[in-house]
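Let's walk through this one together, with the coordinates open beside you. Here is the model to look at.

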Amino acid sequence: MSGPLRPLSITLSDVCFLHWPVAPAAVRAVLPNWAEPDTMDDTAWVSVLSLSIDRFDAFGVPVRERVESVAVRTYVQTPSGDRAVAFLSLDVTDRLVADALRTLFHLPASHVDVRRRRQDSRTEVVLRRRDGADARLGVTFEPTGTPTTTAPDTLAAFLLDRERYVTTGPLETRLVGSVGHPPWRVQPADAAVTETTLLDAAGVDSLDGEPLAHYSPSVEMGVGVLEPL
Amino acid sequence: MEWRNVLFAHWPVPVETVARSLPEGLSVDTFDGSAWLGVVPFRMADIRPRGSPIGRSFYELNLRTYVTLDGQPGVYFYNLDADDRLGVAVARRLFRLPYYRARMTAHRDGSRTRLQSVRTHPDAPDVRFRASFEPTGLPEPARDDSLAAFLTERYRFYVADDRGRIYFADIDHPPWDLQPATVTFDHNDLFAASGFDTPDSERIVHFSPGLDVTAGRLHRHG
């Protein structure tokens, strides 16, 4: 039995999510004016994702492999009421991938150095932008528990179960992109943040306290086209 | 992924015709003293159906020939036209694969497939293509050392970027099941788009219902 092919797909692994609650006004300040912060219990959220892109496939051919990435994102509703994410930054260790993300997907991508070290079950990720700006991130994490899918109407579902992203194209075009994947399987994680100037560079500088952490071993997702709203 | 509903239409051409079209480093692979040009449309699908709205089924259309590099036989693609704007853009941007955007429509009428493709890629030679094809016999694997095996049993492909650098990837699939087939070309600009005259030699036509295929990583040669 065969099904449709995803012309583009990415396989992600070792995904660490760090989530901070923030005031909706702080999120609104960094969003395109046509997207509304999505909130749960009147709180908006900003998340940092550290992950490895194992494969980036076009038409079933792996065109890029083993790219490290760190994303800073927040949560929005589109004007049509769909849940989506908005990327505040999307850093990758591959120059061509960064270029493709900027020009083809209109995402705020940068080419960065990332050092990922694993010792026993603990992973350390250190990111440094290559543009000379003092934008760094240091994270250590260690998964705990076992991976499960998120329960509906939970904070985890609010943060993870989204298959759309918004961005702004040329001439201020409002764009919505989509990804398709099985439900995230996540587990708790014990995580600590050591450097956060990357977040300042993304325009969010008021993240207080310990983040909520999730970890997912891997997911494969199809990447769809960007559509104007 | 799966390659389904595959037409192989091949023409023998003089070795020199193909040799002068190849990037430096690739050698013409010959059978019966001829080089071969192939026109191959097929449908791409996913062997792992998932309930995602992202995936879809679509055709690819290529003009190809057969080459060796360091003694390794393979397929060399002059073009890969596909009806997916973003996939084509990423394939070109991230690995300079010779993909071109095209608008394609396919209709199945019993065992007959009618396929129309119009290249929409900016700043590329126009390609209009309209053909219908149909298997006429039972599928069977190509015999060893046969022309059919020379034309289809290839497990490496080569492409060149705009600077003539050669890339290759290995592909893995079971042997093709091939059927005799008929094809009618109402329009075919693929030869002209790659600088060839349409061959006046007799064409060899095969059809395959398809197979599962896995592509390995692309490597730069040298």
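This is a predicted model: local features need pLDDT of at least 70, side-chain atom pairs count only at pLDDT 80 or more; totals for chains, interfaces and linings use all residues.

The buried residues of helix 2 of chain A are A:Val97, A:Ala98, A:Ala100, A:Leu101 and A:Phe105. Looking down the axis of helix 2 of chain A, you will find these buried residues within an arc of 160 degrees, so they line one face of the helix.

Turn to the other side of helix 2 of chain A, and A:Arg95 and A:Thr103 are exposed there. After the helix comes A:His106, with a positive phi near 55 degrees.

## Where the two helices meet

The crossing of helix 2 of chain A past helix 2 of chain B is right-handed. On the chain A side, the contact is made by A:Leu96, A:Val97, A:Asp99, A:Ala100 and A:Leu104. Helix 2 of chain B brings B:Leu86, B:Ala89, B:Val90, B:Arg93 and B:Leu94. By class, the residues of this contact are eight nonpolar, no polar and two charged.

Just after helix 2 of chain B, B:Arg96 has a positive phi of about 50 degrees.

## The nonpolar core

In soluble globular proteins, nonpolar side chains tend to be buried together. The largest nonpolar core here has 127 residues, and those touching the most other members are A:Cys16, A:Val63, A:Ala86, A:Leu101, B:Ala91, B:Leu94 and B:Tyr158.

Take A:Cys16 as an example. Beyond its neighbours within four places in sequence, A:Cys16 is in contact with A:Ser50, A:Val139, A:Phe141, A:Ala189, A:Ala191, A:Ala213 and A:Tyr215.

## Two loops with positive phi

Most residues other than glycine have a negative phi. A:Phe59 is not a glycine, yet its phi is positive, about 50 degrees. A:Phe59 sits in the loop between strand 3 and strand 4 of chain A, and it is buried, with 24 other C-beta atoms within 10 Å.

A:Asp120 is also no glycine and has a positive phi of about 55 degrees. Its place is the loop between strand 6 and strand 7 (122-129) of chain A. A:Asp120 counts as exposed because it has 6 C-beta neighbours inside 10 Å.

A:Arg122 belongs to strand 7 of chain A and counts as partly exposed, with 14 C-beta neighbours inside 10 Å. Apart from its neighbours within four places in sequence, A:Arg122 is in contact with A:Thr140 and A:Glu142. A:Arg122 and A:Ala189 are 67 residues apart in sequence, with 10.0 Å between their C-alpha atoms.

In chain B, B:Glu2 lies in strand 1 (residues 2-13). Is B:Glu2 buried or exposed? With 21 C-beta neighbours inside 10 Å, B:Glu2 counts as buried. The C-alpha atoms of B:Glu2 and B:Thr136, 134 residues apart along the chain, are separated by 22 Å.

Conventions
Residues are numbered from 1 along each chain as its sequence is written. Chains are lettered from A and ligands numbered from 1 in the order in which they are written. A crossing is left-handed if the near helix is turned anticlockwise from the far one by less than a right angle, and right-handed if clockwise. Helices (H or I, at least four residues) and strands (E, at least two) are DSSP runs, numbered from the N terminus. Two residues are in contact if their C-beta atoms, placed from the backbone, lie within 7 Å. Ala, Val, Leu, Ile, Met, Phe, Trp, Tyr, Cys and Pro count as nonpolar, Asp, Glu, Lys and Arg as charged, and the others, Gly among them, as polar. A residue is buried if 20 or more other C-beta atoms lie within 10 Å of its own, exposed if 12 or fewer, and partly exposed in between; C-beta atoms are placed from the backbone. The arc is that of the directions from the helix axis to the C-beta atoms. A nonpolar core is a set of buried Ala, Val, Leu, Ile, Met, Phe, Trp, Tyr and Cys residues joined through C-beta atoms within 7 Å.
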